[in-house]
Amino acid sequence: MSAVLPLSVQRAVRQRSHWTDRVAHAALLAIVAALVVFLALPLATILAKAMQDSDEHFVGLANFASYLRTPALLQSFVNSVWVSLLVTAVAVPMAFCFAYALARSCIPGKGVFRTIALIPLLAPTLLSAISLIYWFGNQGVARGVIRALGFENIYGAPGVVVAECFYVFPHALMILVSALALADARLYEAARALGTSRRRTFFTITLPGAKYGLISAALVCFTLVMTDFGIPKVIGGDFNMLATDVFKLVIGQQDFQRGAVVGLLLLTPAVLTFGVDWLVQRKQTAMLSARAIPYAPSPSRGFDALMLAYACIVSALMLAMLGMAIFASLATYWPYNLTPTLKHYVLGLVDAEVGPAFTSSFQLAAGTAFFGTIVVFTGAYMLEKTRGMEALRPVVRMLAMLPMAVPGLVLGLGYIFFFNAPGNPLSGLYQTMTLLIVCTIVHFYTTGHLTAVTALKALDAEFEAVSASLKVPFFTTFRRVTLPICTPTLVDIARYFFVNAMTTISAVVFLYSPETKTASIAILRLDEAGEAGAAAACCILITAASTVATLLFMAAGAWIGRRTQAWRRPAKS
Amino acid sequence: MDDYLRLQGIRKSFGSFQALRDIDLTVSRGEFVCFLGPSGCGKTTLLRIIAGLETQTGGRILQGERDISLLPPAQRDYGIVFQSYALFPNLSVADNVGYGLVNRRDSKASIVARVDELLRLVGLPGSGARFPAQLSGGQQQRIALARALATAPNLLLLDEPLSALDALERVRLRQEIRSLQQKLGVTTIMVTHDQEEALSVADRIVVMNQGVIEQVGTPLEIYRDPATPFVADFVGKINVLSGRLRPGRDLRIGSSRFACERDTDHEREVKVYLRPEDVLARPIAAGDPNVFDGSIDKIEFLGSYCLVRVNAESIGSEPLTVYLSLNYLAEQGLSVGSRLPFKVLPERMRFF
């Protein structure tokens with residue numbers, strides 16, 4: 001029958017929207033609008049700026065040509081690339097061994113090692129740079145080591161490479177630990193049953209299994225180093241890199257056009273690695289079946305001892321970095337008078353601008369955690385659990401993934417260009433705390449979004465359908481069911497936002513005003529002013545604040561969990 | 001019985017794939033209808049279209065006197081139970097069952113009373129304070145049913161509600177659902193791929209395949225009088241024999257002649273469909289028509305009945321499957337290799 005119906009009869013039928021559906025559509029549109037204004041348009045402005053002269057006339061690729069003709073700038077590009085490659089080549093294998101010790105050996109104290117290795121995540125990125133200066137700088141305790149190794153001093157490439165290794169280590173470690181944790185015990189049992197040697201098992205099962213994790217970790221390391229600003233600024237000396245160039249060009253020389261070109265150069269590898277990573281991740285999910293049995297390592301004396309020694313060495317290095325920063329922050333007058341004192345903390349907090357900067361940091365972190373969690377979770381819910389506006393959903397999905405590919409520095413640059421433009425009705429936001437919060441939310445949007453989507457996808461897809469059949473609007477189900485089930489996830493997202501907002505520099509460095517300067521920015525200024533002790537003190541304060549905040553969030557999570565997750569516990573019988 | 005739900009020319013395509021083609025169906029008030037078919041036949045899509053969870057590409061749906069074709073789910077009148085139950089895990093059983101009542105701003109006391117009534121109805125009185133995770137699968141499904149019935153909908157939709165349960169629980173619960181449905185008189189549509197389930201509970205079965213309705217009928221009609229080879233194959237076991245039908249109700253299968261009830265004006269090839277129970281081993285009297293000899297090739301023990309594969313050279317090389325009772329096999333001392341006569345009832349033959 002249907003084959004003979006004329007096509008004109010087959011016009012598309014559309015269901016009428018319930019008013020509650022329209023509420024969801026409005027929310028979805030608002031999220032899209034926000035992501036367009038605060039993400040897509042600023043990025044588009046960079047592109048536009050890169051193709052304009054200073055009078056905003058279109059000049060095509062002239063700025064790129066002039067960039068290529070400037071040997072100093074070109075040298076920065078080369079420097080950035082080789083430093084990033086070197087750091088990746090050092091940090092990823094180190095992190096792999098550490099992850100292997102955590103996931104595949106029977107060493108004691110895994111929790112402690114893991115915590116120590118993840119400490120840098122709680123600290124501002126440049127803590128390792130400041131510590132390195134105290135260890136190996138011109139007045140450092142171990143400066144002789146540098147000379148013995150044949151380097152003139154720690155400033156420049158050697159310092160940058162070492163400091164970046166510390167900075168990217170925990171990022172690579174997290175990826176590799178989860179890659180190695182995803183092992184199917186049945187494969188190893190089969191290998192053992194066939195009498196395969198440990199070495200061959202490693203190369204035929206372990207390494208291929210962790211392949212995607214290794215690729216991911218390498219890409220993340222490369223991008224992080226490429227786009228990091230704080231470390232080269234503090235320890236780079238006159239060793240120029242792309243990230244420091246952007247800052248110099250835009251803030252120092254007000255050369256927005258060439259700043260935009262460098263910004264695009266920074267964006268390109270990030271977008272490329274993001275694309276590769278996305279493809280790799282998609283393959284990864286297909287790899288492990290639901291029937292897999294988790295691998296549990298069995299003790300092996302020699303191997304465990306080796307792994308324990310390695311974990312101890314790496315942890316000692318981590319603690320040496322943190323310890324030196326603490327020690328230096330307490331020393332009266334480095335290196336001549338090492339008597340412990342709280343002078344740097346007191347002076348920093350009272351005299352210098354650290355006190356107000358800390359208030360700003362807290363405002364930024366609290367604002368980002370609070371509003372970021374609401375926006376991200378609402379956005380993910382509207383995307384995953386409501387009906388209609390099917391054409392818009394892929395757009396939201398793409399916009400939500402985009403921040404992962406945009407370095408903070410580039411985002412900040414886009415914000416300057418976009419919100420500082422005289423004609424922009426939103427230019428009133430420029431240099432306000434509101435814009436700093438918005439920028440930080442956008443900067444860290446993707447991870448929060450993915451966490452929320454994962455939690456939401458774990459919920460039964462028919463909750464909303466059942467609610468509609470019972471005439472209960474979706475927002476009631478959101479309040480009564482979705483939110484209570486997802487509270488642990490919400491706490492996780494808030495913690496992630498809070499800690500990252502406390503320590504971030506890259507996007508914020510373009511956008512602060514004297515009133516909204518954050519503590520992490522204050523470190524840079526103290527360091528420039530030669531107040532090394534106060535800079536170290538400030539680093540330690542931020543690390544302490546992040547640690548306390550993390551612990552508080554974890555406690556809050558446990559408390560909320562006890563109150564809202566009673567249904568997860570089996571019946572008392 | 002008056003018509004309650006009318007589907008007129010329902011079509012659904014996903015891109016170039018036609019999931020449903022011109023579905024016409026009428027369901028009477030108070031009727032229990034099963035959509036039966038293999039996976040991918042469109043039965044669940046059709047249910048979701050009735051629920052408004054999917055939108056049809058074309059066609060109309062009338063519920064009572066109301067055209068609901070374009071109404072969103074919240075403006076339709078139905079309760080639904082999904083295969084996954086979709087119970088809210090963080091709410092107690094009582095809160096789950098009362099979920100739709102709270103929104104109607106009923107008084108607290110009346111909600112409590114209604115929830116109690118429903119829990120008694122589904123056989124789980126006093127379980128209101130527990131959480132879904134503390135119940136067995138069958139109990140969870142009963143709660144999902146109570147929740148769907150709480151607002152006293154006029155239409156109950158069940159999407160493979162029993163397929164996640166073990167075999168015993170499945171049989172028990174399907175009878176409970178049936179008796180509950182009869183007690184409440186609620187018009188019910190159940191999607192299932194289990195023919196036994198459909199045969200045992202439905203007033204009428206809608207057999208679907210590849211987006212079209214193959215046959216609509218009572219369980220007995222579907223079983224006894226399948227309208228298409230697909231229905232004959234899908235519902236119950238069946239033997240398919242190749243034969244030639246000749247004028248004068250004369251059927252030839254292999255070298256045997258059979259009398260049948262179908263006539264023809266010219267000789268033609270036919271497929272003869274025979275249920276295993278339509279091939280009898282007794283009673284056979286001397287001189288009975290439609291009798292042929294066969295030997296037992298294999299016996300599959302199923303309890304009180306055995307599924308017996310028979311080779312009968314006189315009707316061709318294809319083996320025939322018949323049911324023989326355990327008692328009969330024992331009485332006659334039959335085993336693999338035994339030869340015995342079989343009789344075919346002419347009125348049970350189906351021709352395609």
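**A short tour of chain B**

Hi everyone, let's begin with the overall picture: chain B has 352 residues, and 42% of them count as buried. Please keep in mind that this is a predicted model.

On secondary structure, chain B holds ten helices and 20 strands. Along the principal axes, its C-alpha atoms fill a box of roughly 75 × 45 × 35 Å. What about contacts along the chain? Taking the contacts in chain B with a separation of 6 or more, 64% are between residues 24 or more positions apart.

You will find B:Glu160 in the loop between strand E7 (155–159) and helix H6 (167–184). Is B:Glu160 buried or exposed? B:Glu160 is buried, because 21 other C-beta atoms lie within 10 Å, and the cut-off for buried is 20 or more.

Next comes B:Gln210, which is not a glycine either, yet has a positive phi of about 50°. B:Gln210 sits in the loop between strand E9 (204–209) and strand E10 (212–217). B:Gln210 has 15 C-beta neighbours inside 10 Å, so it counts as partly exposed.

My last stop is a peptide bond. Which two residues does the cis peptide bond join? They are B:Arg282 and B:Pro283, with omega about 0°. As for where to look, B:Pro283 belongs to the loop between strand E15 (279–280) and strand E16 (291–301) of chain B.

Technical notes
Residues are numbered from 1 along each chain as its sequence is written. Chains are lettered from A and ligands numbered from 1 in the order in which they are written. This is a predicted model: local features need pLDDT of at least 70, side-chain atom pairs count only at pLDDT 80 or more; totals for chains, interfaces and linings use all residues. Helices (H or I, at least four residues) and strands (E, at least two) are DSSP runs, numbered from the N terminus. A residue is buried if 20 or more other C-beta atoms lie within 10 Å of its own, exposed if 12 or fewer, and partly exposed in between; C-beta atoms are placed from the backbone. Two residues are in contact if their C-beta atoms, placed from the backbone, lie within 7 Å.
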